[in-house]
Amino acid sequence: MTKDSILVTGVSSGIGLTTASYLLKRGFHVYGSVRRGAGPAELTKEPGFTVLHFDVRDRAAIRAGIQRIRDDGNRLVGLVNNAGVAISGPVETVSEEEYRRQFEVNVFGLIAVCQETLPLLHASREAGFHPRIVNIGSVSGYLTSPFTTIYSASKFAVEALTDGLRRELLAYGIDVISVAPGPVKTPIWSKGRDQTEAFRDNRYSHMLEKLGPYTEAAEADGVETEVVAAAIYEALTAQKPQPAVLVMKKGWMAKLLKLTPKRFQDRFFVKRLAENRRY
Ligand SMILES: NC(=O)c1ccc[n+]([C@@H]2O[C@H](COP(=O)([O-])OP(=O)(O)OC[C@H]3O[C@@H](n4cnc5c(N)ncnc54)[C@H](OP(=O)(O)O)[C@@H]3O)[C@@H](O)[C@H]2O)c1
């Protein structure tokens, strides 16, 4: 029997893993992508889950994964572009390999998955369904903090892609929504820390030392992944979903700060980090 199915990219941990479980419990067939291994045991034991193997930077592998959905004959009614990495460090010192990887995964990977998936979403629409794409953005796609600038640039790109795609696809009955979390308790924070050399001994060291406790506090105060999964489910299923949803504690503060003059924002971000006030 044909089942309504959703593809979630990056289900090995964090938001993707919780979202896949959340959607399974609510009756969807879930296709979840991982880059390596058999997939998380809590998902693979579920009959409604199918693991796909692809890196979002590998177009041929994405295509093979999408072909699996076609072969199963399941109707794809949703895509959650969740796979992402967070590269941090001063722009001056982040390696070329790292800043390219940031965009290869978060931006070009998302475009590739959309391109490969859209024929199936159009087919669902033609069969009378209301398919949706949910892109996982970030509060970093609303405001840019220092030392996560490259990550932020990738998430601003995700917001632009979301708005543009929605305006291209609405006439074809496909909605495109951004779910943008603030801090969430997931492994992405430690992965980012472990992956970069950009923090080692450089002119920014004194600011980076001061940044550390703020980052740790933000991570500790982050929301649980279930909160984001619920927002994603709402974006996929609500009759009239919001096109952009910010999921964070005190999200109103971020929205307010975004409305202030850039020089005010500069002071907000820099005053805790700079040794002197000559900024
Ligand atoms: N945690 C937060 O505070 C936060 C806040 C705002 C937005 N977000 C966004 O939420 C999304 C999920 O992140 P998370 O916090 O749940 O972190 P996470 O636990 O590290 O999950 C990231 C997922 O993306 C996958 N991935 C990474 N590179 C990939 C690639 N090249 N191809 C395919 N999959 C890849 C990872 O797979 P591997 O295990 O193989 O690396 C993992 O499954 C990201 O887009 C992130 O930017 C997170």
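Trp 252, Met 253, Leu 256 and Leu 259 make a nonpolar surface patch of about 490 Å². Patches consist of residues with over 30% relative accessible area and no salt bridge, like charges being joined within 9 Å and nonpolar side chains (Val, Leu, Ile, Met, Phe, Trp, Tyr) within 5 Å. Accessible areas come from the Shrake-Rupley method with a 1.4 Å probe, and for residues only the protein chains shown count as cover. Leu 259 belongs to helix α9 (residues 251-259) and is exposed, with a relative accessible area of 72%. Exposed means over 50% relative accessible area, buried under 20%, and partly exposed in between (1.4 Å probe, protein chains only).

The model is predicted: local features need pLDDT of at least 70 and side-chain atom pairs count only at pLDDT 80 or more, while totals for chains, interfaces and linings use all residues. Residues are numbered from 1 along each chain as its sequence is written, and side-chain values use heavy atoms, leaving out hydrogens and water.

An open sheet is formed by 7 strands in the order β3-β2-β1-β4-β5-β6-β7, with parallel pairing. Its edge strands, each pairing on one side only, are β3 (49-53) and β7 (244-247). Helices (H or I, at least four residues) and strands (E, at least two) are DSSP runs numbered from the N terminus, and two strands pair if DSSP finds at least two bridges between them.

Within this sheet, 4 of the 5 residues of β1 are buried, so the strand is largely enclosed by the rest of the structure. Strand β1 is joined to β4 by 5 bridges, and Leu 7 stands opposite Leu 79 in β4. With strand β2 (residues 29-34), β1 pairs in the parallel sense over 4 bridges; here Ile 6 stands opposite Val 30. Strand β4 (residues 75-81) also runs parallel to β5 (residues 132-136), joined by 4 bridges.

The structure holds 13 salt bridges, a salt bridge being a side-chain nitrogen of Lys or Arg within 4 Å of a carboxyl oxygen of Asp or Glu. One of them joins Arg 35 and Asp 55 (3.8 Å, N to O). This pair links distant parts of the chain, 20 residues apart: Arg 35 is in the loop between β2 and α2 (41-44), and Asp 55 in the loop between β3 and α3 (59-72).

Another salt bridge joins Arg 263 and Asp 266, whose closest N and O atoms are 3.1 Å apart. These residues are separated by about one helical turn because they are 3 residues apart in helix α10 (residues 262-270). Arg 263 is exposed at 62% relative accessible area, whereas Asp 266 is partly exposed at 33%.
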